[in-house]
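Subject: Handover of the model

Dear colleague,

Here is the model for your files. My notes on it follow below.

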Amino acid sequence: MLHVSDIHAYYGQSHVLQGVSLDVGKGEVVSLLGRNGSGKTTTLLTIMGYLSPAPGAITWDGQQIGGLPPYRISRMGLGFVPQERGIFPSLTVLENLTVAARRGLRGEWTLDRVLDLFPRLRERAANRGSQLSGGEQQMLSIGRALLLNPSLLILDEPSEGLAPLIVQEIIAILHEVRAGGLPILIVEQNIRAAFAVASRHYILSKGRVCFTGTTDELRDNEAALHQHLGV
Ligand SMILES: Nc1ncnc2c1ncn2[C@@H]1O[C@H](COP(=O)(O)OP(=O)(O)OP(=O)(O)O)[C@@H](O)[C@H]1O
Ligand SMILES: [Mg+2]
């Protein structure tokens with residue numbers, strides 16, 4: 001469904017992505033791993049249209065999306081949960097969700113269904129984004145992305161900075177989402193979280209893919225784990 005082919009990205013003179021290719025198939029959950037600064041966020045920002053993929057190509061459902069603006073890419077069904085979460089701090093939980101629902105496509109994800117998935121958000125419905133804990137902000141960000149009724153969910157380090165118990169909650173939520181058949185592309189540094197949700201993995205190092213394989217293949221590849229992930 002998502003096909004990323006040999007994309008490059010630059011920040012000024014700095015050649016950050018040096019030919020990244022990856023695929024996410026129907027119903028598949030794929031992780032993108034790598035150390036700090038390896039280019040994970042840059043890859044997602046390029047897929048989402050915030051950066052140009054030049055040269056390279058990105059196709060989604062057979063259509064070229066490379067170079068389209070982010071709002072069009074999101075309307076084509078790519079739901080994005082950015083690393084900095086992207087919620088509105090001055091709006092309440094309910095307002096954050098309603099704004100997302102209004103922008104979204106119609107589909108199975110309604111406000112009620114999202115609040116069923118995240119009972120904590122239901123409890124906090126009247127609180128402002130800025131009053132939420134890190135875990136609640138992450139849940140709100142995922143809820144907002146689901147309300148777009150995406151055909152692919154893309155998350156940038158959803159476990160970052162969260163306590164282990166909250167990470168477990170997020171993983172359980174992603175399991176539910178995956179069980180519904182929604183494919184997921186997840187960036188992680190937390191290898192246990194990646195193993196818990198994804199079945200196939202890519203490792204980035206200095207803007208290049210240096211490993212690709214299944215969970216079992218990566219578990220058995222101590223060199224890749226040690227050299228590129230520091231575990
Ligand atoms: N706006 C920017 N301007 C200049 N350089 C940038 C910018 N954003 C990122 N970089 C550089 O590009 C490289 C890749 O950054 P990127 O944010 O994609 O890494 P990452 O793998 O997501 O890291 P992290 O795990 O810390 O989030 C790094 O060397 C980073 O310093
Ligand atoms: Mg990042």
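Which residue stands opposite Ile184 in strand 8? The residue opposite Ile184 is Leu153. Before the rest, some conventions.

This is a predicted model, in which local features need pLDDT of at least 70 and side-chain atom pairs count only at pLDDT 80 or more, while totals for chains, interfaces and linings use all residues. Residues are numbered from 1 along each chain as its sequence is written, chains are lettered from A and ligands numbered from 1 in the order in which they are written, and side-chain values use heavy atoms, with hydrogens and water left out.

Strand 8 covers residues 184-188; strands here are DSSP runs of E with at least two residues, helices are runs of H or I with at least four, and both are numbered from the N terminus. Of its 5 residues, 5 are buried, where buried means under 20% relative accessible area, exposed means over 50%, and partly exposed is in between (1.4 Å probe, protein chains only). Ile184, Ile186 and Glu188 lie on one side of strand 8, Leu185 and Val187 on the other, and both faces are covered.

Strand 7 (residues 152-156) runs parallel to strand 8 and is joined to it by 4 bridges; two strands pair if DSSP finds at least two bridges between them. Strand 3 (residues 29-33) also runs parallel to strand 8, with 5 bridges. In that pairing, Leu32 stands opposite Val187.

The magnesium ion is ligand 2, and its coordinating atoms are OG1 of Thr41 and OE1 of Gln83, at 1.9 to 2.3 Å. Donors are N, O and S atoms within 2.8 Å of the metal (3.2 Å for Na, K and Ca); water is not among the atoms, so the site may look incomplete. Thr41 belongs to helix 1 (residues 40-47) and Gln83 to the loop between strand 6 (78-81) and helix 3 (93-103), so the pair ties together parts that are 42 residues apart in sequence. Both are partly exposed: Thr41 has a relative accessible area of 23%, and Gln83 has 24%.

The side chains of Thr41 and Gln83 also approach ligand 1. A polar side-chain atom of Thr41 is 2.8 Å from an oxygen atom of ligand 1, and for Gln83 the distance is 3.0 Å. These count as polar contacts, meaning pairs of N or O atoms within 3.5 Å; within protein, one atom must be able to donate a hydrogen and the other to accept it, and residues adjacent in sequence count only if both atoms are side-chain atoms. Asn36 has a side-chain N or O atom 3.0 Å from an oxygen atom of ligand 1. Taken alone, ligand 1 exposes 640 Å², of which the protein buries 58% (Shrake-Rupley areas, 1.4 Å probe; for residues, only the protein chains shown count as cover).

There are 13 residues around ligand 1, and Gly37, Lys40, Thr41, Thr42 and Gln189 come nearest; a residue is near a molecule or strand if one of its heavy atoms lies within 4 Å of it. The shell holds 2 nonpolar, 8 polar and 3 charged residues. Here Ala, Val, Leu, Ile, Met, Phe, Trp, Tyr, Cys and Pro count as nonpolar, Asp, Glu, Lys and Arg as charged, and the others, Gly among them, as polar. Helix 1 gives the most to this shell, with 3 residues.

Helix 1 is largely enclosed by the rest of the structure, because 6 of its 8 residues are buried. These are Lys40, Thr42, Thr43, Leu44, Thr46 and Ile47. Gly49, with a positive phi near 90°, follows helix 1.

Strand 4 (residues 57-60) pairs with strand 1 (residues 2-11) in the antiparallel sense over 4 bridges, and Ala57 is the bridge partner of Ser5. Strand 4 also pairs antiparallel with strand 5 (residues 63-64), over 2 bridges. Strand 4 and strand 5 form a hairpin with 2 residues between them, and Asp61 in the turn has a positive phi of about 55°.

Strand 9 (residues 200-205) and strand 10 (residues 208-214) run antiparallel, joined by 6 bridges, with Ile203 opposite Phe211. They too form a hairpin with 2 residues between them, where Lys206 in the turn has a positive phi of about 45°.

Thr215 is in helix 9 (residues 215-219) and counts as buried at 11% relative accessibility. Its side chain reaches the backbone oxygen of Ala198 at 3.1 Å.

Regards
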